[in-house]
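Have the 3D view open and click along as you read.

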Amino acid sequence: MATQLLMPKATAVWLVDNTGLTFDQIASFCTLHPLEVQGIADGDVAGGIKGANPIQNDQLTKEEIEKAEADPNYRMVLSSPKTIVPQIKRRGPRYTPVSKRQEKPNAILWLVRNHPELKDAQLMRLVGTTKPTIESVRERTHWNASNQTPADPVTLGLCTQVELDMEVRKAAKNAPAEEIRPEDSGLLTAEEAMATAVPTPVFDQGFLDTQPSVLGENDPKEPVYDIDSVFSGLANKKSNRDDD
């Protein structure tokens with residue numbers, strides 16, 4: 001990050017009054033012309049300007065001044081700042097190279113077709129265009145609408161993939177939630193389910209007794225077992241095994 005000397009004329013006034021530096025050294029450090037520094041020394045330039053001490057401003061060290069006073073050919077170097085303040089980014093229209101400006105309508109057409117949820121303000125940020133141009137491309141009233149072909153703005157270099165993804169996520173977050181209807185989900189309401197339900201038949205036992213048997217006359221019938229005879233047979237078998 002490049003640093004710049006604060007109050008160059010006031011600093012030059014202080015250096016002229018408090019150091020033995022040459023006019024060329026002061027002019028080089030303060031980015032002034034040597035004749036202007038000589039005018040400051042003569043009192044013809046910077047009248048009424050109070051000198052600013054660069055040592056107190058942490059822009060120059062005392063050792064650097066002494067080194068320059070010992071060598072007239074030495075040029076002082078501005079000290080690095082102890083704290084770096086980030087430069088404020090000025091908001092303005094996105095700059096697009098002249099060779100890519102004709103591709104903007106193609107990028108707008110691609111965004112309108114593939115991401116209709118994006119607002120005009122988002123398209124303007126991504127492509128660096130104007131709202132009338134977006135409307136003309138969307139309504140196909142652009143002067144070159146017949147020759148336009150959709151093109152990805154990332155591929156064209158008009159924006160980055162990160163910027164595009166961020167705008168898409170922002171548009172999806174602000175979009176209203178879609179209402180899911182029962183016919184779309186395949187589910188029936190309670191009233192529809194009751195109306196279409198098939199009643200379960202209830203059979204009367206007397207009705208079943210009067211129905212003919214499914215077995216034929218020659219088919220063997222199931223034997224009827226007596227509980228007492230079954231248990232007595234089991235007891236006889238157990239006693240026989242014990243005798244063995």
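Thr11 sits in helix 1, where a helix is a DSSP run of H or I with at least four residues, numbered from the N terminus (strands are E runs of at least two). Before going on, note that this is a predicted model, in which local features need pLDDT of at least 70 and side-chain atom pairs count only at pLDDT 80 or more, while totals for chains, interfaces and linings use all residues. Residues are numbered from 1 along each chain as its sequence is written, and side-chain values use heavy atoms, with hydrogens and water left out.

Is Thr11 buried or exposed? With a relative accessible area of 0%, Thr11 is buried; the word means under 20%, whereas exposed means over 50% and partly exposed is in between (1.4 Å probe, protein chains only). Gln59, in the loop between helix 3 and helix 4, is buried too, at 8%. Here is what each one touches, where contact means heavy atoms within 4.5 Å and residues up to four places away in sequence are not counted.

| Residue | Relative accessible area | Touches |
|---|---|---|
| Thr11 | 0% | Leu5, Leu6, Phe29, Cys30, Ala52, Pro54 |
| Gln59 | 8% | Gln4, Leu5, Leu6, Phe29, Pro54, Leu78, Ser79 |

Now for helix packing. Helix 1 (residues 8-18) packs against helix 3 (residues 34-42) at an angle of about 60°, and their axes are 10 Å apart. Axes are lines fitted to C-alpha atoms, for helices over the stretch in contact, and angles run from 0 to 180 degrees between N-to-C directions. The two helices are therefore oblique to each other, the label for whatever is left after roughly parallel (under 35 degrees), roughly antiparallel (over 145) and roughly perpendicular (65 to 115). On the helix 1 side, the contact is made by Lys9, Ala12, Val13 and Val16, and on the helix 3 side by Glu36, Val37, Ile40 and Ala41.

Ile40 also turns up in the largest nonpolar core, which has 20 residues. Such a core is a set of buried Ala, Val, Leu, Ile, Met, Phe, Trp, Tyr and Cys residues joined through side-chain atoms within 4.5 Å. Which members touch the most others? They are Leu15, Ile26, Phe29, Cys30, Ile40 and Met76. Helix 1, helix 2 (23-30), helix 3 and helix 4 (62-70) each supply at least two residues of this core, and helix 1 gives the largest share, five residues.
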